Each structure stands twice: as structure tokens, then as C-alpha cells.
Amino acid sequence: MAVRLRMAVHGVRNNRIFHLVAVNQRQRRNAKPIELLGVYNPRLAPGESTKTIEWSVQRIKYWLKVGATPTESVTRLLRMGGVLTPEHTIAPETPKEAPSPPVVDLAPGDATPAPQHIVS
């Protein structure tokens, strides 16, 4: 099972709260998570000057150690919070490439290529 660290959206419109969760990557955005890792409230309370996030650093490091892949927004938050170092790279998903067709080299005097037998 591939696990992803992502943000789940909760709350009413114009008053969102984001939960940092470990969830199966095939599940929808707000599906039941494997584990709740933190809560991020981007709204500032009256009198506050900074946004805060409450998270469990030990559990986040555990999930990263066992191979969970964070999304870009979670990676950005983890770097700002000092959990990930700037040189820490997350393995991007590599798209599967289609096999390229065989290359036929024509001699200068040939107008048509010689037939080739391709075994697959």
C-alpha cells in the first residue's frame, strides 16, 4: 500500500482547517486517514501575527522513514517547520514511458527501407 502525506480539508467555506494526514494514495482527499499527524489553521486569530501548525514530528519522521511520499504543499510546510532540510529530496513519481518505435536508417540512394522483422 502506497502511503501519501497530504492535507485533508475540513470546516465551512471561508473558515477552512487542514489536517495533515497519512492516507492511502488511492483514496479521495477527505477519506478516513490511516493516522492524523497534525492540524493547520491558516486563519489568524485576533491579536496573533503568525499562523500556527500543531503536528507530531516523531510520527511524521516515522512515515517518511517507511516510505510515505508527501505532496508538494506538505513538503513546503515541513521545510518551513524544519522537519525536512532544504537539500532533502522527495522522489518524484516517474511517468511510464511508451516504447519508442524502431529507427530505420536509409542509405543515401535508397528510397524505401528494407523490411525488418521485429520480435517482441
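The model is predicted: local features need pLDDT of at least 70, side-chain atom pairs count only at pLDDT 80 or more, and totals for chains, interfaces and linings use all residues. Residues are numbered from 1 along each chain as its sequence is written, and side-chain values use heavy atoms, with hydrogens and water left out. The chain holds two helices and five strands. Helices (H or I, at least four residues) and strands (E, at least two) are DSSP runs, numbered from the N terminus. Their order from the N terminus is β-β-β-β-α-β-α.

**Overall figures**

- Of the 120 residues of the chain, 24% count as buried. Buried means under 20% relative accessible area, exposed means over 50%, and partly exposed lies in between (1.4 Å probe, protein chains only).
- The chain exposes about 9500 Å². Carbon and sulfur atoms supply 53% of that area. Accessible areas come from the Shrake-Rupley method with a 1.4 Å probe, and for residues only the protein chains shown count as cover.
- Among contacts between residues at least 6 apart in sequence, 30% join residues at least 24 apart. A contact means heavy atoms within 4.5 Å.

**The sheet**

- Five strands form an open sheet in the order β4-β3-β2-β1-β5, with mixed pairing. β4 and β5 stand at the edges with a single partner strand each, so one side of each is left without a neighbour in the sheet.
- Two strands pair if DSSP finds at least two bridges between them.
- β1 and β2 pair in the antiparallel sense over eight bridges. Here Val3 stands opposite Asn24 in β2.
- The hairpin of β1 and β2 has six residues between the strands. Gly11 in this hairpin takes a positive phi near 100 degrees.
- β2 and β3 run antiparallel, joined by five bridges. Leu20 has Gly38 in β3 as its bridge partner.
- β1 pairs with β5 (residues 69-70) in the parallel sense over two bridges. Arg4 has Thr69 in β5 as its bridge partner.

- β1 is mostly covered, with seven of its eight residues buried.
- Leu5 is found in β1. Leu5 counts as buried, at 0% relative accessibility.
- Leaving out residues up to four places away in sequence, Leu5 touches Val21, Ala22, Leu37, Ile60, Trp63, Leu64, Ala68, Thr69, Pro70, Thr71 and Val74.
- Leu5 and Ala22 are 17 residues apart in sequence, yet 4.7 Å apart in space, C-alpha to C-alpha.
- Asn24 is found in β2. Asn24 is buried, with a relative accessible area of 17%.
- Asn24 touches Met1, Ala2, Arg6 and Ile34, not counting residues up to four places away in sequence.

**Helix α1**

- The buried residues of α1 are Ile60, Trp63 and Leu64. These three cover an arc of only 100 degrees around the axis, which puts them on the same side of α1. The arc is that of the directions from the helix axis to the C-beta atoms.
- Gln58 and Lys65 are exposed on the other side of α1.
- The buried residues of α1 pack against β1, β2, β3, β4 (52-55), β5 and α2.

**Nonpolar core**

- The largest nonpolar core has 16 residues. Such a core is a set of buried Ala, Val, Leu, Ile, Met, Phe, Trp, Tyr and Cys residues joined through side-chain atoms within 4.5 Å.
- Leu5, Leu37, Ile60, Trp63 and Leu78 have the most contacts inside this core.
- β1 (3-10), β2 (17-24), β3 (35-41), α1 (57-65) and α2 (72-81) each supply at least two of the core residues.

**Aromatic pairs**

- The structure holds two aromatic pairs. Rings of Phe, Tyr and Trp (its six-membered ring) pair if their centres lie within 6.5 Å; planes under 30 degrees apart count as stacked, over 60 as edge-to-face and the rest as tilted.
- One of the pairs is Tyr62 with Trp63, which is edge-to-face: 5.4 Å centre to centre, with 70 degrees between the planes.
- Tyr62 is partly exposed, with a relative accessible area of 35%. Trp63 counts as buried, at 11% relative accessibility.
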